[in-house]
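Good morning, and thank you for coming.

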Amino acid sequence: MTLVSQAGSTEIPVDSGRITQVFLNLLTNAVRHTPHGGSIQVILSEAQNANGRPWLEIAVKDTGTGIAPEHLPNLFDRFYRADASRSRHSGGMGLGLAIAKEFVAAHQGTIDAESSSGEGTTFRVRLPYRREEQA
């Protein structure tokens with residue numbers, strides 16, 4: 001995928017099908033857990049990894065029900081559901097975030113979450129990119 005602006009082009013080497021699945025999962029979860037009148041934002045920004053390499057950070061931020069702190073460490077585990085009252089039919093099998101993490105990692109990126117119960121959740125996906133300045 002290549003994004004072009006007057007300052008140059010930015011190339012993000014991704015499998016578009018898999019990355020689409022990652023963001024579809026994050027947005028579906030945000031919609032599912034954000035009550036009527038709440039908000040969902042997708043925020044793009046530039047970040048750097050520990051080695052100073054440029055990353056594109058895509059945050060999906062909602063004002064939904066949030067996730068209790070004790071659930072955050074297991075959020076990306078297979079078959080884990082933070083809300084045990086949700087059944088397979090109403091809340092999925094607990095695979096969506098685990099698959100999202102695998103797909104992001106396959107692109108040498110990272111995914112994490114921060115949340116507060118009753119205040120919403122923010123998922124951040126960071127993907128490496130290359131920027132080519134125009135001459």
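**From one threonine to the core**

Let us begin with Thr 122, which counts as buried because its relative accessibility is 7%, under the 20% limit for that class. Please bear in mind throughout that we are looking at a predicted model.

Where does Thr 122 sit? It belongs to strand β6. Leaving aside residues up to four places away in sequence, Thr 122 touches Ala 59, Val 60 and Lys 61, and also Asp 112, Ala 113 and Glu 114.

Strand β6 covers residues 120-128. Strand β4, residues 54-62, is joined to β6 by 7 bridges, and the two run antiparallel. Within this pairing, Ala 59 has Arg 124 of β6 as its bridge partner. Strand β5, residues 110-116, is likewise antiparallel to β6 and joined to it by 7 bridges.

How many of the 9 residues of β6 are buried? The count is 8, so the strand is largely enclosed by the rest of the structure.

Next, the helix α3, which spans residues 96-106. Its buried residues are Leu 97, Ala 98, Ala 100, Phe 103 and Val 104. In general, an α-helix has 3.6 residues a turn, so residues three or four places apart point the same way. The buried residues of α3 pack against helix α1, residues 16-33, and against β5 and β6. After α3 comes Gln 108, with a positive phi near 60°.

Phe 23, for its part, touches Ile 58, Val 60 and Val 125, when residues up to four places away in sequence are not counted.

I turn to the aromatic residues. The count comes to 1 aromatic pair. The pair consists of Phe 76 and Phe 123, arranged edge-to-face, with 6.2 Å centre to centre and 90° between the planes. Phe 76 lies in the loop between β4 and α2, whereas Phe 123 is in strand β6, so the pair ties together parts that are 47 residues apart in sequence. Both Phe 76 and Phe 123 are buried.

Finally, the chain as a whole. The chain contains 3 helices and 7 strands, in the order β-β-α-β-β-α-α-β-β-β along the sequence. Of its 135 residues, 36% are buried. Among contacts between residues at least 6 apart in sequence, 58% join residues at least 24 apart.

To return to where we started: Thr 122 is buried, and its strand, β6, is joined to β4 and to β5. Thank you for your attention.

Notes: Residues are numbered from 1 along each chain as its sequence is written. This is a predicted model: local features need pLDDT of at least 70, side-chain atom pairs count only at pLDDT 80 or more; totals for chains, interfaces and linings use all residues. Side-chain values use heavy atoms; hydrogens and water are left out. Buried means under 20% relative accessible area, exposed over 50%, partly exposed in between (1.4 Å probe, protein chains only). Helices (H or I, at least four residues) and strands (E, at least two) are DSSP runs, numbered from the N terminus. Two strands pair if DSSP finds at least two bridges between them. Contact means heavy atoms within 4.5 Å. Rings of Phe, Tyr and Trp (its six-membered ring) pair if their centres lie within 6.5 Å; planes under 30 degrees apart count as stacked, over 60 as edge-to-face and the rest as tilted.
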